[in-house]
Amino acid sequence: ANPVAANAALQHAQFVVSLSVFNNAVIDQHADVVFPIAPFTETSGTFVNAAGEWQTFNGVASAYAEAKPAWKVCRVLGNLFHIAGFDHESAEEVREEIKVACEKMSSPKAIDFKIHPDNVQAKNSNQLYRVGTIPLYATDSLVRRGKALQAAQTIIEGELTAVRINPKMGASQRIAEGTLVTVKQKQGEVILPVIFDSRLPDRGVYIPGGIAEMQGLSELYGQVEIG
């Protein structure tokens, strides 16, 4: 959700343990211990969808090399540290314990989304605001590494490694399409080409998240500077 804050936390951590399906530069730089874990295709498990339905599945392939399902890694670590409650023998046992815990939880209270007009007035009419999303094929480590999916993503959504602005704003700022600009957000910054997009509001800029080129920025929404 916030790459800059995540990297800062890793840099200041005394000890970092990584459970990951893939290796990457961040793990290489920060992790003291790495446990290779199996993706969902190589282990049994359960997903809970937006409707609250529990969808249980089985693995369709054996775990690669020395990789293990994440729940097994956690169970063994719990045993080695002599922590109670780490005696599960299957993913089904883990699921049933979670179900019981969920049933005991109270329903969340309704949230009042009424917004007072004074709260939505921009403090500075010249301030730019990032409007970000996570692209369809940037949501997890599996789809991010699918070359065919990444090619399809570009066809569906256009070039993502860019900052999109309204053409009127480009004209007022004397920024030509294709120009490389520095985008600053809080303590981070990245250099991106400009793409004009008339669907955007005058002071809104679209910068996606979930891709490596944007790791120098923070939240998907918030004030940004372009120079």
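In strand S8, Phe-196 is the bridge partner of Ile-165, and this pair belongs to the parallel pairing of strand S6 (residues 163-165) with strand S8 (residues 188-196), which runs over three bridges. Strands here are DSSP runs of E with at least two residues, helices are runs of H or I with at least four, and both are numbered from the N terminus; two strands pair if DSSP finds at least two bridges between them. The model is predicted, with local features needing pLDDT of at least 70 and side-chain atom pairs counting only at pLDDT 80 or more, while totals for chains, interfaces and linings use all residues. Residues are numbered from 1 along each chain as its sequence is written, and side-chain values use heavy atoms, with hydrogens and water left out.

S8 also pairs with strand S7 (residues 180-185), in the antiparallel sense and over six bridges, and Val-183 stands opposite Val-190 of S8. Two residues lie between S7 and S8 in the hairpin that they form, and Lys-186 in the turn has a positive phi of about 55 degrees.

Leu-10 has its place in helix H1. Leu-10 is partly exposed because its relative accessible area is 27%, where buried means under 20%, exposed over 50% and partly exposed in between, for a 1.4 Å probe and protein chains only. When residues up to four places away in sequence are not counted, Leu-10 touches Val-16, Val-26 and His-30, a contact being heavy atoms within 4.5 Å. His-30 is 20 residues from Leu-10 in sequence, yet their C-alpha atoms are 6.4 Å apart in space.

H1 also gives the most to the lining of the largest pocket, with four residues. A pocket is an open set of points on a 1 Å grid over the protein atoms alone, where a 1.4 Å probe fits, with protein on both sides within 12 Å along at least five of seven lines, and its lining residues have an atom within 4 Å of a point. The largest pocket holds about 1,000 Å³ of space, a volume being the space filled by probe spheres set on the grid points. Its lining has 38 residues, of which Arg-144, Gly-210, Ile-211, Ala-212 and Gln-215 lie nearest the centre.

The second largest pocket has a volume of about 340 Å³. It is lined by 20 residues, with Thr-43, Ser-44, Gly-45, Thr-46 and Trp-71 the closest to its centre. Strand S3 (45-48), strand S4 (54-57), helix H3 (70-80) and helix H4 (91-104) each supply at least two residues of this lining.
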